[in-house]
Amino acid sequence: MSKRVLIIEECAIARSALGIMLQRDGWEVIGAADGAEALRLASSWHFDLVITAPEPSKVPGAQLLRLLRGGLLTSKVRVLLQVDHREEVKEIPLLSLVDDVLVRDGQIERQLHGKLNRWFNRSRRTSRVAR
């Protein structure tokens, strides 16, 4: 069974590029153009991962993350916050609501694979040993 990711990104090109990276690794990718659409999707689908910008349109970032963390289907979801520059991280009040930060730079694919391998492959190895 493949893992499912929700990518919340206003820019369709950026959403698609990130989705392609994840699909190559077997992820089922669902995209949302704004926070309202993301909340609608999250209310009826289970996601293993959410990738979002600090302030998606229509729903403020902090409100979106609190609603996702409080949802029955999304309370245990991993959340990656996308930022344009590493310097932005210190200025973002949402850090306590996310699992990690993804910097949009030339190393985004490497960063993404490293985080996903650390989070999801470890649990896969553990479940195999438990069998």
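# Reading charged side chains

Mentor: Start at D34: its side chain reaches the backbone nitrogen of E37 at 2.8 Å. Keep in mind that this is a predicted model.

Trainee: Where does D34 lie?

Mentor: D34 sits in the loop between strand 2 and helix 2. The D34 side chain also reaches the backbone nitrogen of A36, at 3.1 Å.

Trainee: Is D34 buried or exposed?

Mentor: Buried means under 20% relative accessible area. D34 has 10%, so it is buried.

Trainee: Now the salt bridges. What is the general idea?

Mentor: Side chains of opposite charge can pair when their charged atoms come close. For a salt bridge, look for a Lys or Arg side-chain nitrogen within 4 Å of an Asp or Glu carboxyl oxygen.

Trainee: How many salt bridges does a search of the whole structure find?

Mentor: The search finds nine. Take R4 and E28 as one of them: their side chains meet at 3.3 Å, N to O.

Trainee: Which parts does the pair of R4 and E28 tie together?

Mentor: Check the element of each partner. R4 belongs to strand 1, residues 4-8, and E28 to strand 2, residues 28-32, so the bridge ties together parts 24 residues apart in sequence. E28 is partly exposed, at 29% relative accessible area.

Trainee: How far apart are the closest N and O atoms of R104 and E9?

Mentor: They are 3.0 Å apart, and the two residues form a salt bridge. R104 is in the loop between strand 5 (100-103) and helix 4 (108-130), while E9 is in the loop between strand 1 and helix 1 (12-24), so this pair ties together parts 95 residues apart in sequence.

Trainee: How accessible are E37 and R40?

Mentor: E37 is partly exposed, at 27% relative accessibility. R40 is exposed, with a relative accessible area of 52%.

Trainee: One last step. Which residues do salt bridges that share partners join into one network?

Mentor: E9, D84 and R104. Find R104 in the structure, then trace its bridge to E9.

Definitions and conventions:
Residues are numbered from 1 along each chain as its sequence is written. This is a predicted model: local features need pLDDT of at least 70, side-chain atom pairs count only at pLDDT 80 or more; totals for chains, interfaces and linings use all residues. Side-chain values use heavy atoms; hydrogens and water are left out. Helices (H or I, at least four residues) and strands (E, at least two) are DSSP runs, numbered from the N terminus. Buried means under 20% relative accessible area, exposed over 50%, partly exposed in between (1.4 Å probe, protein chains only). A polar contact is a pair of N or O atoms within 3.5 Å; within protein, one must be able to donate a hydrogen and the other to accept it, and residues adjacent in sequence count only if both atoms are side-chain atoms.
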